[in-house]
Amino acid sequence: MDLHLQGRVAVVCGASKGIGLAIAQALAAEGVSLALCARGTDALKESADAIRAKFGVEVEQCAVDVRDDGALRAFVQWAAAHFGRLDIAVPNAGGPPAKSFLETTTAEWDAAFASNLRSVVAIAQAAIPHMQRGRFGRIVAVTSYTSKQPAPGLVISNALRPGVAGLLRSLSNEFAKDGITANAVGPGYVDSERTREVLRGQAALHRTSYDDAVASAVAGTPSGRMATLEEVAATAVWLCSAQAASTTGQTILVDGGSYRGL
Ligand code: NAD
């Protein structure tokens with residue numbers, strides 16, 4: 001299926017590895033030019049070089065910590081000015097630490113708010129005027145199945161992700177008339193570095209081994225396995241497509257059936 005993304009321009013955050021990188025690769029495969037950011041330079045440059053070489057699209061990269069509100073907004077503005085348009089924005093960053101509630105600190109709550117919620121505000125505010133000019137926009141935030149169902153040991157994520165879902169729903173109400181959709185892709189367990197960190201946290205919480213935590217995580221997933229990075233990326237790319245124009249304000253879970261609600 002032609003997703004009609006050829007020639008579009010996307011900003012993808014947290015793109016040096018994991019889900020952000022997988023989404024950047026999948027967008028590039030559809031002919032989308034990219035402006036990528038992550039905190040450090042080396043891994044990001046390596047990822048950008050590999051995408052450029054493999055897919056032949058223009059890829060720019062910049063070290064930006066999404067918790068730095070001013071730098072993040074400036075990066076989005078720079079990307080729109082450089083490419084002369086901005087069609088797609090993918091807010092994404094590392095997730096909050098896996099901890100029990102009483103172990104969490106105020107500094108961790110503040111950092112997670114900046115990283116996982118306020119950054120979505122900044123990216124959307126910077127990107128939307130450019131999308132309005134083009135009468136086309138796709139905001140696809142990477143969140144979590146905790147948007148819909150709290151998970152043990154992920155109290156900060158459980159509290160913040162529903163806020164992102166509410167923000168995106170608000171954006172969908174306000175900007176659908178401009179051809180702009182605002183959605184999230186909500187992974188369950190995905191085989192990435194982030195998952196390994198979460199499972200290590202759960203192992204510590206339950207005083208069990210890492211291997212037991214992996215087995216119990218997969219046992220709770222009806223599909224019996226973690227999702228792949230490619231599966232998450234494909235869902236995000238579909239949300240960016242022309243065909244997804246009437247899907248907005250949604251969190252699409254990629255969780256192997258873990259979420260029990262309707
Ligand atoms: P990851 O750790 O593999 O990659 C995170 C990426 O974001 C890296 O490129 C990193 O450099 C970048 N990054 C981290 N903090 C940043 C910051 N402050 N500013 C800019 N860039 C930053 O993580 P992942 O597994 O790809 O997870 C991405 C998101 O998906 C996270 O929010 C995570 O909570 C969520 N998620 C992941 C899973 C999973 O199983 N991996 C499940 C549910 C939700």
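The model is a predicted one. Seven strands make up an open sheet with parallel pairing, and a search of the whole structure finds zero disulfides.

**The sheet**

- Strands of a sheet are held in pairs by backbone hydrogen bonds, and the pairing can be either parallel or antiparallel.
- In this open sheet, where the pairing is parallel, the seven strands follow the order β3-β2-β1-β4-β5-β6-β7.
- The edges are formed by β3 (59-63) and β7 (251-254), each of which pairs on one side only, and from one strand to the next the twist averages 15°.
- Strand β1 (residues 9-13) pairs with strand β4 (residues 88-90) in the parallel sense over three bridges, and Ala10 has Ile88 in β4 as its bridge partner.

**Helices on the sheet**

- Helix α2 (residues 42-55) packs on the sheet, where it touches β2 (33-38) and β3, and its direction makes about 175° with that of β3.
- Helix α8 (residues 229-240) lies across β4, β5 (137-142), β6 (180-187) and β7, and it runs at about 170° to β6.

**The cysteines**

- The closest cysteine sulfur to that of Cys13 belongs to Cys37 and is 3.6 Å away, which is too far for a bond, because a disulfide requires the two sulfur atoms to be within 2.5 Å.
- Cys240 is likewise in no disulfide, since the nearest cysteine sulfur, that of Cys13, is 13 Å away, beyond the 2.5 Å limit for a disulfide.
- Cys13 counts as buried because its relative accessibility is 0%, and Cys240 counts as buried at 1% relative accessibility.

Terms used: Residues numbered from 1 in each chain as written. Predicted model: local features only at pLDDT ≥ 70, side-chain atom pairs only at ≥ 80, totals over all residues. Heavy atoms only, no water. Buried < 20%, exposed > 50% of the residue type's maximum accessible area, 1.4 Å probe, protein only. Pairing = 2+ DSSP bridges. Helix = DSSP H or I, 4+ residues; strand = E, 2+ residues; numbered from the N terminus. Axes fitted to C-alpha atoms, helices over the stretch in contact; angles between N-to-C directions. Contact = heavy atoms within 4.5 Å.
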